[in-house]
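This report looks at surface, salt bridges and helix packing, in that order. Please keep the model open while reading.

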Amino acid sequence: MSTPLKTKIQVPRSRDLEVNGVKYNRSGASRSNFEMLAWLFMRLSGLVLVVLVFGHLFVNLMVGDGVHAIDFGFVGGKWANPFWQVWDLVMLWLAMLHGTNGIRTIIDDYAERSGTRFWLKVLLFISSGFVIFLGTLVIFTFDPCPASAHPELLASFCPAA
């Protein structure tokens, strides 16, 4: 014995289409590929992030003296090389955009009121933009050998003043 179809399927925030008394969340007008592209971005960025993160962990923890070698001088020496600057920048940007897209999806799924959804997304995008900006600024303006620093505090690769 089958159960009768519900006369209305409740789908929030949609332009519902009613067919034979059943509401469907399907609309042929003004369809956007944004959600499909966001879904694809999550899969591709996830794959790239796995490579970037495991490469980062391998170089920082396995090569050389391992975790005991990580200090200010280690980071300064790494970021003196443009390859590692770009590596860490791509990892930062992808991780932030990947996480922001995931949180955006959660907000869309669970925030019921459109005003709440709007302000949560505004806060999310502002905070993500701030972290991306600040992280990019730190990666490219980091100076491991500041001119005004005491010589004993400088890393071993810094020229003596």
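## Nonpolar surface patch

The model is predicted.

Which helix gives the most to the nonpolar patch? Helix 1, residues 34-62, does, with seven residues. Val 50 is in helix 1.

## Salt bridges

There are three salt bridges in the structure. One of them pairs Arg 104 with Glu 35. The closest N and O atoms of this pair are 3.0 Å apart. The bridge links distant parts of the chain. Arg 104 sits in helix 3 and Glu 35 in helix 1, 69 residues apart.

## Packing of helices 3 and 4

Helix 3 spans residues 82-110, and helix 4 spans residues 114-141. Their axes come within 10 Å and cross at roughly 175°. Angles over 145 degrees count as roughly antiparallel. Helix 3 and helix 4 are therefore roughly antiparallel to each other.

Helix 3 contributes Gln 85, Asp 88, Leu 89, Leu 92, Trp 93, Met 96, Leu 97, Thr 100, Ile 103, Arg 104, Ile 107 and Asp 108 to the contact. Helix 4 contributes Arg 117, Leu 120, Lys 121, Leu 124, Phe 125, Ser 128, Val 131, Ile 132, Gly 135, Thr 136, Ile 139 and Phe 140. By type, the contact residues are 14 nonpolar, five polar and five charged.

Definitions and conventions:
Residues are numbered from 1 along each chain as its sequence is written. This is a predicted model: local features need pLDDT of at least 70, side-chain atom pairs count only at pLDDT 80 or more; totals for chains, interfaces and linings use all residues. Side-chain values use heavy atoms; hydrogens and water are left out. Axes are lines fitted to C-alpha atoms, for helices over the stretch in contact, and angles run from 0 to 180 degrees between N-to-C directions. Helices (H or I, at least four residues) and strands (E, at least two) are DSSP runs, numbered from the N terminus. Angles under 35 degrees count as roughly parallel, over 145 as roughly antiparallel, 65 to 115 as roughly perpendicular and the rest as oblique. Contact means heavy atoms within 4.5 Å. Ala, Val, Leu, Ile, Met, Phe, Trp, Tyr, Cys and Pro count as nonpolar, Asp, Glu, Lys and Arg as charged, and the others, Gly among them, as polar. A salt bridge is a side-chain nitrogen of Lys or Arg within 4 Å of a carboxyl oxygen of Asp or Glu.
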